[in-house]
Amino acid sequence: MATLKLAVIINNCSNDDEYLLVRQTPPPKFGDEEYDSYVDSDLWDLPSAKLNPLETEFQSGFFIEGAESCSPKLSLTNFDVESTLHQVLSQVGFRGGQIGGNWVLRKYEEEAEFGPGTPVNTVFIFGKLGIEYENLQEVSRWMSIQSCLNLLLEVKPSSDRIGHLAVVGLLNEHMQSGRCKVPPSLCYQEYPPGVTIVPMGSKTQKPFRTTNLVVIAPSNVTDGCGGSSYDVYGDALIMDPGCRSEGHSELMEIVASLPRKLVVFVTHHHYDHVEGLSIIQKCNPDATLLAHENTMRRIGKDDWSLGYTAISGAEEICIGGQRLTAIFAPGHTDGHMALLHVSSHSLIVGDHCHFYSSNNWSNTIMFVVPVQEYFETSYKFLELSPHALIPMHGRVNLWPKNMLCGYIKNRRNRESSILKAIEGGAETLFDIVSKIYSDVDPSFWIPASSNVRIHVEHLAQQDKLPKGFSLERFNCSRAAFADRLRSTQM
Ligand SMILES: [Zn+2]
Ligand SMILES: [Zn+2]
């Protein structure tokens, strides 16, 4: 069952060109000067609220023109549109009791399967209001389509940002959509504009079920790349084809819709990111594969037997006139690469971050390099000041600095709790993992154990381990970890 959201497109009665957007509330601060010094710029989006079913068995009499065409799967008369609309309008400063007027269904959007929770589908309705809005609250503002497009497509580093609902409900018809044709059986998202994200079923780690396939395929080639010279040129780019074999025919359709001059970018070698590589090679043997050499070493000939171009960071890539920059991002693996989509200033982060709200869970994303390098990558991302983070598992994150600081903070906290566990008598890898991950499902303890090892190495380097702790004994206990874990799960 999907969750439903009502998004309201309010057109200004006295100026047809303007629509009402609301400043979105950022996530809470950390209460720590260092992290709180990284502030994401203001994010503006259509006002919206969760749409709940009516509590009574009576259907609502509130009239939305065109509601019957919403979706065969959804009857709006069973939902409390009226009070949700009241709630949404009060967010923007409307205090009147009457919300009458002509409300029209604009569209119904089903969210792609980002997981791990249920998708959030959105009903967009359109109406005109005006005079009552003389005293707009500080949180809302009238904006024209053009000014929204400028904020999205000609991004300045700390300029205001426009959210996903405004793009889907308001701007989509004013934007050129890309050349990527996604089969109707798959839901996808084109946000940030110019970047198509298709979550596809993959053999990934729980709680996720999908890997985001990212496609950049501008329909009309612009001279956005200017006169400068680039390391790599292409007409389209596809990233992390990690879908399982059941999705290979859909992947084939996607690749067939793209121009021949195709660049394939792989963030890292894990199977849930490369399982579909052989399909791309089969459909388009002219495609150019870009990957770090540490990644390439671990990709089998069955997956890719043609040549490749090694990248190590800072390569400039021109795709149909759009500029992209490869960024070396060791952490999750030692050959991990990220990609910056320059025009939308969005950072595709691979598996460095996942969009998932549980801090404990985010700590189980495996990293294999020394802790210091992992932190350096996170700080490098922070300094870039991206407008959005696109992970390969989960939704796009629109509070990048907050998310990256959250990861850094959790990591540091984790390291101090590992030290506490050791000071409290924990001696083996299993002792430490079972103590500090006691609130996390044991099926995540394997990646967690790899992180614990790296933190213990870091503590040893800093000379922080207590005198009585034997690093040798700890290292020997690594081999027995899996057996101990299996015996607890039985
Ligand atoms: Zn991975
Ligand atoms: Zn992954």
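This is a predicted model: local features need pLDDT of at least 70, side-chain atom pairs count only at pLDDT 80 or more; totals for chains, interfaces and linings use all residues.
Colleague: Are helix 10 and helix 11 roughly parallel or roughly antiparallel to each other?

Modeller: The axes of helix 10 (residues 371-384) and helix 11 (residues 400-423) come within 10 Å and cross at roughly 165°. Angles over 145 degrees count as roughly antiparallel, and the two helices are therefore roughly antiparallel.

Colleague: How do the residues of the contact of helix 10 with helix 11 divide into nonpolar, polar and charged?

Modeller: On the side of helix 10 the contact is made by Phe-375, Ser-378, Phe-381 and Leu-382, and on the side of helix 11 by Lys-401, Leu-404, Tyr-407 and Ile-408. Tyr counts as nonpolar in this scheme, while Lys counts as charged. The contact residues accordingly divide into 6 nonpolar, 1 polar and 1 charged.

Colleague: Which strands stand at the edges of the open sheet?

Modeller: The sheet is formed by 6 strands in the order 12-17-18-19-20-21, with mixed pairing. Each edge strand has a single partner strand, so one side of it is left without a neighbour in the sheet, and the strands in this position are strand 12 (232-234) and strand 21 (388-391).

Colleague: Which residue of strand 21 is the bridge partner of Ile-348?

Modeller: Strand 20, which covers residues 346-350, pairs with strand 21 in the parallel sense over 4 bridges. For Ile-348, the bridge partner in strand 21 is Ile-390.

Notes: Residues are numbered from 1 along each chain as its sequence is written. Chains are lettered from A and ligands numbered from 1 in the order in which they are written. Axes are lines fitted to C-alpha atoms, for helices over the stretch in contact, and angles run from 0 to 180 degrees between N-to-C directions. Angles under 35 degrees count as roughly parallel, over 145 as roughly antiparallel, 65 to 115 as roughly perpendicular and the rest as oblique. Two residues are in contact if their C-beta atoms, placed from the backbone, lie within 7 Å. Two strands pair if DSSP finds at least two bridges between them.
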